[in-house]
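Please have the sequence and the 3D view open as you go.

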Amino acid sequence: MARPEAVLYDYCVIGGGILGLAVARQLLKTHHGAGVLVLEKEAGPGRHQTGHNSGVIHAGVYYKPGSLKARLCRAGAEATKAYCAEKGIPFETRGKLIVATTADEDLAMRALLTNARANGIAIEPLTGEELREREPDIVGVGALFVSETGIVDYKAVCRALADDIVALGGAISYSVEVERIGEEADAVMIETSAGEFRAKHLVACAGLQSDRLASKAGLPVKHRIVPFRGEYYDVAPAKRGLVHHLIYPVPDPELPFLGIHLTPTIDGRLTLGPNAVLGRAREGYARSAINARDMFNYAAFPGFWRMAAGNWRSGLSEFGNSMIKGRYLEACRKYCPALELDDLVPVEAGIRAQAVMADGSMVHDFLFLESARMLHVCNAPSPAATSALPIARMIVERLGAGG
(Lines give C-alpha, C1' and ligand atoms only; values in the text may rest on other atoms or scores of the structure.)
Protein backbone atom coordinates (compact mmCIF):
# COMPACT_ATOMS: atom_id res chain seq x y z
CA MET A 1 0.00 0.00 0.00
CA ALA A 2 1.42 3.39 -0.99
CA ARG A 3 2.30 5.81 1.77
CA PRO A 4 -0.10 8.79 1.81
CA GLU A 5 1.34 12.04 0.51
CA ALA A 6 2.40 14.42 3.30
CA VAL A 7 0.40 17.64 3.63
CA LEU A 8 2.02 20.47 1.67
CA TYR A 9 2.41 23.64 3.76
CA ASP A 10 3.29 27.01 2.32
CA TYR A 11 5.92 27.56 5.00
CA CYS A 12 7.63 25.40 7.59
CA VAL A 13 9.52 27.14 10.39
CA ILE A 14 11.94 25.03 12.38
CA GLY A 15 12.56 26.31 15.89
CA GLY A 16 10.17 27.36 18.65
CA GLY A 17 12.32 30.03 20.27
CA ILE A 18 11.29 33.66 20.16
CA LEU A 19 12.71 34.25 16.68
CA GLY A 20 11.14 31.20 15.05
CA LEU A 21 7.76 32.00 16.59
CA ALA A 22 8.01 35.66 15.58
CA VAL A 23 8.80 34.61 11.98
CA ALA A 24 5.85 32.22 11.85
CA ARG A 25 3.50 34.89 13.23
CA GLN A 26 4.80 37.44 10.71
CA LEU A 27 4.33 35.00 7.83
CA LEU A 28 0.69 34.52 8.84
CA LYS A 29 0.13 38.26 9.17
CA THR A 30 1.81 38.99 5.82
CA HIS A 31 0.38 36.08 3.81
CA HIS A 32 -3.25 35.75 4.90
CA GLY A 33 -4.51 32.21 4.61
CA ALA A 34 -1.04 30.68 4.18
CA GLY A 35 -0.40 27.26 5.65
CA VAL A 36 2.33 27.71 8.27
CA LEU A 37 3.78 24.94 10.39
CA VAL A 38 6.25 25.33 13.26
CA LEU A 39 8.34 22.33 14.27
CA GLU A 40 9.98 22.36 17.72
CA LYS A 41 11.92 19.47 19.22
CA GLU A 42 11.12 20.43 22.82
CA ALA A 43 7.77 19.99 24.58
CA GLY A 44 7.04 23.73 24.62
CA PRO A 45 8.25 27.10 23.31
CA GLY A 46 11.36 29.03 24.33
CA ARG A 47 13.16 26.19 26.11
CA HIS A 48 16.75 27.12 25.17
CA GLN A 49 18.38 30.53 24.56
CA THR A 50 15.11 32.45 24.85
CA GLY A 51 14.17 30.85 28.14
CA HIS A 52 17.60 31.22 29.75
CA ASN A 53 18.44 34.88 29.19
CA SER A 54 18.30 37.73 31.69
CA GLY A 55 15.00 39.15 30.44
CA VAL A 56 16.32 42.56 29.40
CA ILE A 57 14.67 44.78 26.80
CA HIS A 58 17.79 46.50 25.47
CA ALA A 59 17.86 50.10 24.24
CA GLY A 60 20.75 49.74 21.76
CA VAL A 61 23.56 51.66 23.45
CA TYR A 62 26.44 49.54 22.17
CA TYR A 63 25.84 49.32 18.43
CA LYS A 64 27.42 51.33 15.64
CA PRO A 65 25.22 54.32 14.76
CA GLY A 66 23.11 53.66 11.69
CA SER A 67 23.97 49.94 11.64
CA LEU A 68 21.36 47.26 11.07
CA LYS A 69 21.79 46.00 14.65
CA ALA A 70 21.24 49.49 16.03
CA ARG A 71 18.09 50.03 13.95
CA LEU A 72 16.68 46.61 14.78
CA CYS A 73 17.32 47.03 18.50
CA ARG A 74 15.63 50.43 18.62
CA ALA A 75 12.65 49.14 16.65
CA GLY A 76 12.62 45.93 18.68
CA ALA A 77 12.52 47.65 22.06
CA GLU A 78 9.51 49.70 20.97
CA ALA A 79 7.78 46.72 19.34
CA THR A 80 8.38 44.42 22.32
CA LYS A 81 6.93 46.92 24.78
CA ALA A 82 3.93 47.58 22.53
CA TYR A 83 3.33 43.85 22.08
CA CYS A 84 3.53 43.23 25.82
CA ALA A 85 1.08 46.08 26.48
CA GLU A 86 -1.30 44.65 23.87
CA LYS A 87 -1.13 41.14 25.30
CA GLY A 88 -1.11 42.06 28.98
CA ILE A 89 2.40 40.67 29.52
CA PRO A 90 4.05 42.34 32.53
CA PHE A 91 7.12 44.47 31.77
CA GLU A 92 8.82 47.43 33.41
CA THR A 93 10.97 50.20 31.98
CA ARG A 94 13.32 50.64 34.93
CA GLY A 95 16.35 52.04 33.15
CA LYS A 96 19.95 50.92 33.22
CA LEU A 97 23.08 52.37 34.81
CA ILE A 98 26.38 51.63 33.07
CA VAL A 99 28.96 52.13 35.81
CA ALA A 100 32.62 53.08 35.37
CA THR A 101 34.88 52.17 38.29
CA THR A 102 38.26 53.32 36.90
CA ALA A 103 39.61 56.20 34.83
CA ASP A 104 40.03 53.89 31.81
CA GLU A 105 36.44 52.71 32.11
CA ASP A 106 35.30 56.32 32.43
CA LEU A 107 37.02 57.10 29.13
CA ALA A 108 35.36 54.11 27.45
CA MET A 109 32.06 55.17 28.97
CA ARG A 110 32.34 58.59 27.30
CA ALA A 111 32.67 56.82 23.95
CA LEU A 112 29.47 54.91 24.72
CA LEU A 113 27.74 58.20 25.49
CA THR A 114 28.65 59.57 22.06
CA ASN A 115 27.56 56.33 20.40
CA ALA A 116 24.22 56.21 22.21
CA ARG A 117 23.39 59.80 21.35
CA ALA A 118 24.18 59.12 17.69
CA ASN A 119 21.67 56.26 17.88
CA GLY A 120 19.00 58.61 19.20
CA ILE A 121 18.90 56.98 22.64
CA ALA A 122 17.94 59.02 25.69
CA ILE A 123 21.05 58.84 27.88
CA GLU A 124 22.27 60.91 30.82
CA PRO A 125 25.85 61.09 32.17
CA LEU A 126 26.15 61.01 35.96
CA THR A 127 28.99 61.83 38.31
CA GLY A 128 29.98 59.39 41.02
CA GLU A 129 27.99 61.44 43.55
CA GLU A 130 24.90 61.49 41.34
CA LEU A 131 25.22 57.74 40.88
CA ARG A 132 25.21 57.21 44.66
CA GLU A 133 22.13 59.43 44.99
CA ARG A 134 20.22 57.14 42.60
CA GLU A 135 21.68 53.87 43.84
CA PRO A 136 23.21 54.21 47.32
CA ASP A 137 24.76 50.71 47.21
CA ILE A 138 26.53 51.22 43.87
CA VAL A 139 29.92 52.94 43.61
CA GLY A 140 31.80 54.31 40.61
CA VAL A 141 33.62 57.32 39.24
CA GLY A 142 30.68 57.96 36.94
CA ALA A 143 27.77 56.32 35.14
CA LEU A 144 25.45 56.55 32.18
CA PHE A 145 21.71 56.36 32.79
CA VAL A 146 19.75 54.72 29.95
CA SER A 147 16.12 55.36 30.80
CA GLU A 148 14.56 53.14 28.10
CA THR A 149 16.00 49.77 29.20
CA GLY A 150 13.32 47.39 30.44
CA ILE A 151 12.71 43.92 31.86
CA VAL A 152 10.29 41.21 30.79
CA ASP A 153 9.83 37.44 30.85
CA TYR A 154 10.61 36.33 27.29
CA LYS A 155 9.07 32.92 27.92
CA ALA A 156 5.75 34.72 28.44
CA VAL A 157 6.33 36.55 25.14
CA CYS A 158 6.92 33.18 23.45
CA ARG A 159 3.69 31.77 24.84
CA ALA A 160 1.78 34.76 23.50
CA LEU A 161 3.41 34.43 20.07
CA ALA A 162 2.51 30.73 20.00
CA ASP A 163 -1.11 31.59 20.84
CA ASP A 164 -1.11 34.16 18.02
CA ILE A 165 0.15 31.58 15.53
CA VAL A 166 -2.68 29.19 16.34
CA ALA A 167 -5.27 31.99 16.37
CA LEU A 168 -4.09 33.10 12.91
CA GLY A 169 -4.54 29.58 11.53
CA GLY A 170 -1.01 28.23 11.87
CA ALA A 171 0.05 24.96 13.48
CA ILE A 172 2.77 24.13 16.00
CA SER A 173 4.08 20.61 16.54
CA TYR A 174 6.14 20.14 19.71
CA SER A 175 8.42 17.21 20.58
CA VAL A 176 9.28 16.77 16.89
CA GLU A 177 12.95 16.43 16.00
CA VAL A 178 14.14 17.02 12.44
CA GLU A 179 16.21 14.13 11.09
CA ARG A 180 16.75 15.03 7.43
CA ILE A 181 15.90 17.85 5.03
CA GLY A 182 15.74 17.43 1.27
CA GLU A 183 15.04 20.21 -1.21
CA GLU A 184 13.19 19.29 -4.39
CA ALA A 185 12.10 21.35 -7.38
CA ASP A 186 8.70 22.25 -5.95
CA ALA A 187 8.98 21.61 -2.19
CA VAL A 188 11.19 20.90 0.79
CA MET A 189 10.87 17.48 2.42
CA ILE A 190 11.37 17.42 6.19
CA GLU A 191 11.80 13.98 7.72
CA THR A 192 11.20 14.02 11.46
CA SER A 193 10.68 11.80 14.48
CA ALA A 194 6.93 12.29 13.91
CA GLY A 195 6.91 11.53 10.19
CA GLU A 196 7.41 13.47 6.98
CA PHE A 197 6.33 17.05 6.29
CA ARG A 198 6.43 19.02 3.06
CA ALA A 199 6.57 22.78 2.55
CA LYS A 200 7.02 25.14 -0.38
CA HIS A 201 9.49 27.14 1.72
CA LEU A 202 11.46 26.43 4.86
CA VAL A 203 12.86 28.87 7.44
CA ALA A 204 15.20 27.48 10.09
CA CYS A 205 15.71 29.41 13.33
CA ALA A 206 17.45 26.64 15.23
CA GLY A 207 19.81 28.60 17.47
CA LEU A 208 22.18 26.23 19.20
CA GLN A 209 21.61 23.59 16.51
CA SER A 210 21.59 25.91 13.50
CA ASP A 211 24.83 24.67 11.91
CA ARG A 212 23.77 21.03 12.24
CA LEU A 213 20.36 21.70 10.75
CA ALA A 214 21.93 23.52 7.78
CA SER A 215 24.25 20.54 7.29
CA LYS A 216 21.26 18.18 7.31
CA ALA A 217 19.81 20.32 4.53
CA GLY A 218 22.97 19.91 2.44
CA LEU A 219 24.02 23.56 2.64
CA PRO A 220 27.71 24.59 2.63
CA VAL A 221 28.36 25.22 6.34
CA LYS A 222 31.69 26.97 6.95
CA HIS A 223 31.19 27.85 10.61
CA ARG A 224 30.55 26.07 13.88
CA ILE A 225 28.32 26.90 16.80
CA VAL A 226 30.45 27.07 19.94
CA PRO A 227 28.41 27.09 23.16
CA PHE A 228 29.29 29.64 25.83
CA ARG A 229 27.79 29.16 29.26
CA GLY A 230 26.49 32.25 30.98
CA GLU A 231 26.51 31.41 34.66
CA TYR A 232 24.15 33.34 36.92
CA TYR A 233 23.53 33.73 40.61
CA ASP A 234 20.33 34.76 42.31
CA VAL A 235 20.93 37.38 44.98
CA ALA A 236 19.59 36.14 48.31
CA PRO A 237 16.01 37.26 49.10
CA ALA A 238 17.13 39.57 51.91
CA LYS A 239 19.05 41.70 49.38
CA ARG A 240 16.68 41.63 46.41
CA GLY A 241 15.92 45.29 46.98
CA LEU A 242 19.59 46.26 46.78
CA VAL A 243 19.07 48.12 43.49
CA HIS A 244 16.12 49.41 41.50
CA HIS A 245 17.80 49.91 38.13
CA LEU A 246 19.73 47.42 36.04
CA ILE A 247 23.44 47.81 36.84
CA TYR A 248 26.00 47.07 34.11
CA PRO A 249 29.78 47.45 33.99
CA VAL A 250 31.46 49.21 31.09
CA PRO A 251 31.92 46.39 28.53
CA ASP A 252 35.22 45.21 27.12
CA PRO A 253 35.04 46.22 23.42
CA GLU A 254 37.11 43.17 22.44
CA LEU A 255 34.49 40.72 23.73
CA PRO A 256 30.94 40.00 22.49
CA PHE A 257 29.64 39.87 26.07
CA LEU A 258 28.46 42.73 28.27
CA GLY A 259 30.03 41.67 31.56
CA ILE A 260 28.56 40.60 34.89
CA HIS A 261 25.52 42.73 35.67
CA LEU A 262 22.84 43.08 38.34
CA THR A 263 19.39 42.60 36.84
CA PRO A 264 16.06 42.87 38.64
CA THR A 265 13.60 40.41 37.09
CA ILE A 266 9.94 40.89 36.37
CA ASP A 267 9.02 38.23 38.96
CA GLY A 268 10.77 40.11 41.78
CA ARG A 269 14.16 38.42 41.91
CA LEU A 270 17.59 40.00 41.49
CA THR A 271 20.11 38.13 39.35
CA LEU A 272 23.85 38.54 39.02
CA GLY A 273 25.66 37.51 35.86
CA PRO A 274 26.41 36.17 33.45
CA ASN A 275 30.06 35.39 32.98
CA ALA A 276 31.03 33.66 29.72
CA VAL A 277 32.83 30.30 29.82
CA LEU A 278 33.22 27.64 27.17
CA GLY A 279 30.37 25.17 27.40
CA ARG A 280 30.77 21.41 27.41
CA ALA A 281 27.29 20.86 25.99
CA ARG A 282 25.08 22.88 23.69
CA GLU A 283 21.95 22.24 25.70
CA GLY A 284 23.29 21.17 29.10
CA TYR A 285 22.42 23.83 31.65
CA ALA A 286 23.67 22.12 34.80
CA ARG A 287 27.28 22.83 35.78
CA SER A 288 28.07 19.10 35.47
CA ALA A 289 26.58 18.74 31.96
CA ILE A 290 28.91 17.19 29.37
CA ASN A 291 28.09 16.14 25.82
CA ALA A 292 31.03 14.40 24.12
CA ARG A 293 29.56 14.91 20.64
CA ASP A 294 29.23 18.66 21.19
CA MET A 295 32.77 18.97 22.53
CA PHE A 296 34.25 16.92 19.67
CA ASN A 297 32.30 19.03 17.20
CA TYR A 298 34.06 22.26 18.12
CA ALA A 299 37.38 20.67 19.10
CA ALA A 300 37.69 19.22 15.58
CA PHE A 301 37.10 22.62 14.00
CA PRO A 302 40.29 24.61 13.31
CA GLY A 303 38.45 27.90 13.74
CA PHE A 304 37.80 27.06 17.39
CA TRP A 305 41.53 26.82 18.16
CA ARG A 306 42.22 30.06 16.29
CA MET A 307 39.52 31.77 18.35
CA ALA A 308 40.93 30.30 21.56
CA ALA A 309 44.45 31.47 20.70
CA GLY A 310 43.24 35.04 20.34
CA ASN A 311 41.15 35.08 23.52
CA TRP A 312 43.01 32.83 25.97
CA ARG A 313 43.63 35.56 28.57
CA SER A 314 39.98 36.52 28.89
CA GLY A 315 39.04 32.85 28.70
CA LEU A 316 41.27 32.01 31.67
CA SER A 317 39.84 34.93 33.62
CA GLU A 318 36.27 33.84 32.96
CA PHE A 319 37.15 30.25 33.84
CA GLY A 320 38.64 31.41 37.13
CA ASN A 321 35.47 33.36 37.93
CA SER A 322 33.46 30.23 37.16
CA MET A 323 35.50 27.93 39.36
CA ILE A 324 36.09 30.29 42.30
CA LYS A 325 32.95 31.95 43.64
CA GLY A 326 35.02 34.54 45.49
CA ARG A 327 36.58 35.76 42.24
CA TYR A 328 33.14 36.10 40.68
CA LEU A 329 32.06 38.08 43.73
CA GLU A 330 35.04 40.43 43.47
CA ALA A 331 34.13 41.25 39.87
CA CYS A 332 30.74 42.39 41.19
CA ARG A 333 32.03 44.15 44.29
CA LYS A 334 33.91 46.61 42.05
CA TYR A 335 30.59 48.39 41.66
CA CYS A 336 28.47 46.78 44.41
CA PRO A 337 30.57 46.35 47.59
CA ALA A 338 27.48 45.52 49.67
CA LEU A 339 27.37 42.01 48.20
CA GLU A 340 28.75 39.17 50.33
CA LEU A 341 29.64 35.60 49.39
CA ASP A 342 26.55 34.16 51.08
CA ASP A 343 24.32 36.48 49.01
CA LEU A 344 25.09 34.54 45.82
CA VAL A 345 22.80 31.55 45.21
CA PRO A 346 23.63 29.45 42.10
CA VAL A 347 20.86 29.03 39.51
CA GLU A 348 20.61 27.37 36.10
CA ALA A 349 22.95 28.78 33.47
CA GLY A 350 22.14 30.13 30.05
CA ILE A 351 23.96 29.06 26.89
CA ARG A 352 24.77 31.36 24.01
CA ALA A 353 25.16 30.01 20.48
CA GLN A 354 28.32 31.73 19.26
CA ALA A 355 29.00 31.24 15.56
CA VAL A 356 32.74 30.95 14.83
CA MET A 357 34.27 31.05 11.35
CA ALA A 358 37.22 29.00 10.08
CA ASP A 359 39.61 31.92 10.59
CA GLY A 360 38.69 32.05 14.30
CA SER A 361 36.56 35.18 14.09
CA MET A 362 33.39 35.31 16.16
CA VAL A 363 30.35 36.29 14.12
CA HIS A 364 28.73 39.45 15.51
CA ASP A 365 26.24 40.01 12.69
CA PHE A 366 23.59 38.05 10.84
CA LEU A 367 24.67 34.87 9.11
CA PHE A 368 22.24 33.34 6.62
CA LEU A 369 22.54 30.27 4.42
CA GLU A 370 20.05 30.16 1.57
CA SER A 371 18.86 28.08 -1.36
CA ALA A 372 15.93 28.37 -3.73
CA ARG A 373 13.41 27.27 -1.10
CA MET A 374 15.25 27.53 2.22
CA LEU A 375 16.53 30.26 4.51
CA HIS A 376 18.62 29.17 7.49
CA VAL A 377 19.29 31.77 10.18
CA CYS A 378 22.69 30.55 11.35
CA ASN A 379 23.40 33.57 13.54
CA ALA A 380 21.05 36.24 14.86
CA PRO A 381 23.19 38.74 16.75
CA SER A 382 22.50 39.89 20.28
CA PRO A 383 20.09 41.23 21.38
CA ALA A 384 17.95 38.92 19.25
CA ALA A 385 15.21 38.57 21.88
CA THR A 386 14.71 42.35 22.06
CA SER A 387 14.83 42.62 18.25
CA ALA A 388 12.83 39.49 17.40
CA LEU A 389 9.74 41.23 15.98
CA PRO A 390 11.56 43.51 13.49
CA ILE A 391 14.03 40.71 12.65
CA ALA A 392 11.02 38.55 11.77
CA ARG A 393 9.72 41.27 9.45
CA MET A 394 13.14 41.51 7.81
CA ILE A 395 13.28 37.73 7.28
CA VAL A 396 9.79 37.60 5.78
CA GLU A 397 10.67 40.47 3.44
CA ARG A 398 13.84 38.61 2.46
CA LEU A 399 11.77 35.53 1.63
CA GLY A 400 9.49 37.63 -0.54
CA ALA A 401 12.45 39.21 -2.36
CA GLY A 402 13.77 35.73 -3.08
CA GLY A 403 10.61 34.82 -4.90
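**Briefing: rings, charges and strands**

The structure holds 5 aromatic pairs; rings of Phe, Tyr and Trp (its six-membered ring) pair if their centres lie within 6.5 Å, and planes under 30 degrees apart count as stacked, over 60 as edge-to-face and the rest as tilted. This is a predicted model, where local features need pLDDT of at least 70, side-chain atom pairs count only at pLDDT 80 or more, and totals for chains, interfaces and linings use all residues. Residues are numbered from 1 along each chain as its sequence is written, and side-chain values use heavy atoms, with hydrogens and water left out.

**Aromatic rings**

- Tyr298, Phe304 and Trp305 make up one aromatic cluster.
- Tyr298 and Phe304 form a tilted pair, 4.8 Å centre to centre with 40° between the planes.
- Phe304 also pairs with Trp305, edge-to-face, at 4.9 Å centre to centre and 75° between the planes.
- Tyr298 and Phe304 are both buried; buried means under 20% relative accessible area, exposed over 50%, and partly exposed in between (1.4 Å probe, protein chains only).
- For Phe304, the relative accessible area is 7%.

**Charges over rings**

- The charged end of Lys96 sits over the ring of Tyr248, 4.2 Å from its centre; the criterion is NZ of Lys or CZ of Arg within 6 Å of the ring centre and within 35 degrees of the ring normal.
- Arg134 lies over the face of Phe145, at 4.7 Å from the ring centre.

- An open sheet of 3 strands has the order E18-E13-E20, with antiparallel pairing; strands pair if DSSP finds at least two bridges between them.
- Strands E18 (277-278) and E20 (350-357) stand at the edges with a single partner strand each, so one side of each is left without a neighbour in the sheet.
- Strand E13 (residues 223-230) is joined to E18 by 2 bridges, and the two run antiparallel.
- Across this pairing, Arg229 stands opposite Val277 in E18.
- Helix H8 (residues 302-310) lies across E13, E18 and E20, running at about 105° to E20.
- Helices (H or I, at least four residues) and strands (E, at least two) are DSSP runs, numbered from the N terminus.
- Axes are lines fitted to C-alpha atoms, for helices over the stretch in contact (heavy atoms within 4.5 Å), and angles run from 0 to 180 degrees between N-to-C directions.

**A hairpin**

- E10 and E11 form a hairpin with 4 residues between them.
- Strand E10 (residues 178-183) and strand E11 (residues 188-192) run antiparallel, joined by 5 bridges.
- Val178 stands opposite Thr192 in E11.
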